[in-house]
Amino acid sequence: MTNAVDVRTAAAEFDRAAVADVESAAEDERKQVLSQFPLEEWAELPLERYALGQGAPPESGPTYCRLMEFGTPHLGSIKGGSAAKHIMYRHNSGEWKLAAPLRGMDPQDAWAELRGQFVRAFDAVGAGDFEALDELEVLRYGPALVTKTLATYFPEHFLPIYAGEHLRRFVALLLGDADQGDASAWRINRRLLKLVQVQPEFKGWTRHEVMRFLYEHFDPRPRQRTIWKIAPGERGRLWEECRDGEFICVGWDELGDLGQYQSDTELKQALDAHWPRGSGGSLTLARRLLAFRDLEAGDRVVANRGTDEVLATGRVDGSYRYDPDRPEFHHVVPVAWDLSPAQKLSKPQHGWRSTFAKVDPSLFARFTAHNAGSGSVPGTGQAQAGAPVALPEDVQVVLDALERKGQVILHGPPGTGKTRLALGAALALDGRADALGADARQRAEAQAEMLHGDRVRMVTFHPSYGYEDFVEGFKPDLSATGPGLTLALTDGLFHTLCSRAAAHPDQTFLLVVDEINRGDLPRIFGELITLLELDKRNLPVALPVSKRRFSVPPNVRVIGTMNTADRSISHLDAAVRRRFAFLPVGPDPDAVSGTVGPLDLAAFFESLNTRIAHHLDADHQIGHAYLLRDGEPIATEEDLAAAFHHEVIPLLEDYCLGRADLLHRILGGLVDAETGRPLLMPPQDLADALATEFTSGVPGPDA
């Protein structure tokens, strides 16, 4: 993340006095916890005083889990995600959700076991036996809650930092060692505390000063997060309430607290139960609701009215809460609003008809241009000279995987943007991250310039591509002037890249392999497949053709892309699979948010893919690129007809291999039942036919 000099410099400049009020509030919250849940009473604490999901809070106050997650923000946050972090809780359905070691047990018996492990943990820490904590298996299923609990009751032994990944990053910052294995959050917390205690720059600092300093200067979440457009009710009817109360709220109240849902599939099932076959019961909506629930402080949002009016932009300054005392729209996230970007847009945003929509960073930059002089344009990934560029989340995930594994394969159905993502990661590695937020033409120019440089190479594998192309081999010498064919030893693409990397060890070199699964990978890589492992970099081998010594430098990275419709991951050589991280790149309904006449493009896209996954498999879904034109969702009947008849239909016919019955089950009434051929209709009628077949709530013929 940085080096020790950066830490010392930042620590010297940190205003410790500014933490005093926060620290005082934290101590008040700690006393509240100790007062309501004294340590000596834990052995007899009843379940109804511990767990979430039991209706109205008891007269004695909030449950322990509610107090720790929602009532003690200054002690350090454990918000976000589902209620599974609490190890056991009562679901809205009335069912008790239990961590794996407790499943199958009666709730009271499960609580007795969990409570007993909490008590044993308290006894162990009180006796200074921190090793004994790792023997408490059930507590490992709630690492953030348990670590916050220990830091609350025993503040002298723990820092107020509870997320395992954050703790790992901070340890790596101070120690230069990111390898913590599968150590528990409380163990890494203790290690970080010991590191802080021996750092001279932190001498005399309180634990809260250390925590605030680390998050303020070395936030482990530097990536650019999604910017969401969220409508405050139909036609913005709740805007005044949201503006004055400084929050944003959404409906679907029948779902109850969104914190009780652990996955998008579970939430989709709840949506389907309340709105069967309606627009509410979609996987896309489930994912958007979970994204709303998991908004973090600092995230940016846009409030809109209709498709062409920005009411305000805002910065999230708290965490999601479910507020059943409101008359409607019980799902609430606090937001500090900025009204100055309010404006009518020059053209409608077709994707803004729904409650949620992703906002392109460049569009957000135009909303907030009045803030451009403050150092950076929020959400654009572009900053003033010298300021770090925040990367899009998907690009950061690829870079993290490359750092961890050395090579990555991006896999998914055709048209999901795998190559675009690979080149985006390449731009970031090549120091051109500012191009990620540029328009399509500028991004393409940056990519072309990058590929003409020395640090990034791109190749497409195919069945005839071989070891001699990739590593080395004898090829015709076109410069030879003598009679007959002259062969010369020639370095392959990867050999050349590795040679350059070895000569510049302070720079990162990258190979992008498009359609990596179309090549015979064991033949192409040969003995070098072993050298890809990070712990075997710089290990020399003798190449079988030339007998030269060769090694793969540690500063070489590889990104491959593969269409799962062509060949599944299971068909890849096992040795190859072990050496690559595999990142799925799936169809993104948000990318095609928009309307064409009566057709909701995203709903059609999701419904079509649901049928394809059901009747074929998920690998044969279609990507969002089929419904984009120049990077934007198609918006005219003519473009829709061209995409559907000339791209989608031929692809599906190829997948169905002449089986008219299978094509009919996917396309329903859009296939002639007698001939088995797709219907041809004028563009102006196609949008209506697709809306009727896929988005009206009417099931498919075999659904």
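The buried residues of α22 are L640, A641, A643, F644, H645, V648, I649, L651, L652, Y655 and C656. Buried means under 20% relative accessible area, exposed over 50% and partly exposed in between, with a 1.4 Å probe and protein chains only. This is a predicted model: local features need pLDDT of at least 70, side-chain atom pairs count only at pLDDT 80 or more, and totals for chains, interfaces and linings use all residues. Residues are numbered from 1 along each chain as its sequence is written, and side-chain values use heavy atoms, with hydrogens and water left out.

**Helix α22.** The helix spans residues 637-656 and bends by about 35 degrees at F644. The bend is the angle between axes fitted to the seven residues ending at a residue and the seven starting there. F644 is itself one of the buried residues. Helices (H or I, at least four residues) and strands (E, at least two) are DSSP runs, numbered from the N terminus. An α-helix has 3.6 residues a turn, so residues three or four places apart point the same way.

What do the buried residues of α22 pack against? Their partners include the helices α21 (601-615), α23 (660-667) and α24 (683-694). The strands β20 (595-596), β21 (599-600) and β22 (628-629) also pack against them. Contact means heavy atoms within 4.5 Å. Just after α22, L657 takes a positive phi of about 50 degrees.

| Residue | Phi | Loop |
|---|---|---|
| F329 | about 50 degrees | between β7 (321-322) and β8 (331-338) |

F329 counts as buried because its relative accessibility is 11%.

**E201.** This residue sits in the loop between α7 (185-198) and α8 (207-217). E201 is buried yet has no salt bridge. A salt bridge needs a side-chain nitrogen of Lys or Arg within 4 Å of a carboxyl oxygen of Asp or Glu. The nearest side chain of opposite charge, R8, is 5.4 Å away. Lys and Arg count as positive, Asp and Glu as negative; His and the chain ends are not counted. Neighbours within four places in sequence aside, E201 contacts V7, R8 and A11.

**P554.** The loop between β17 (549-550) and β18 (556-563) holds P554. Why does P554 count as partly exposed? Because its relative accessibility is 43%. P554 and L534 are 20 residues apart in sequence, with 6.7 Å from C-alpha to C-alpha. Neighbours within four places in sequence aside, P554 contacts R537 and N538.
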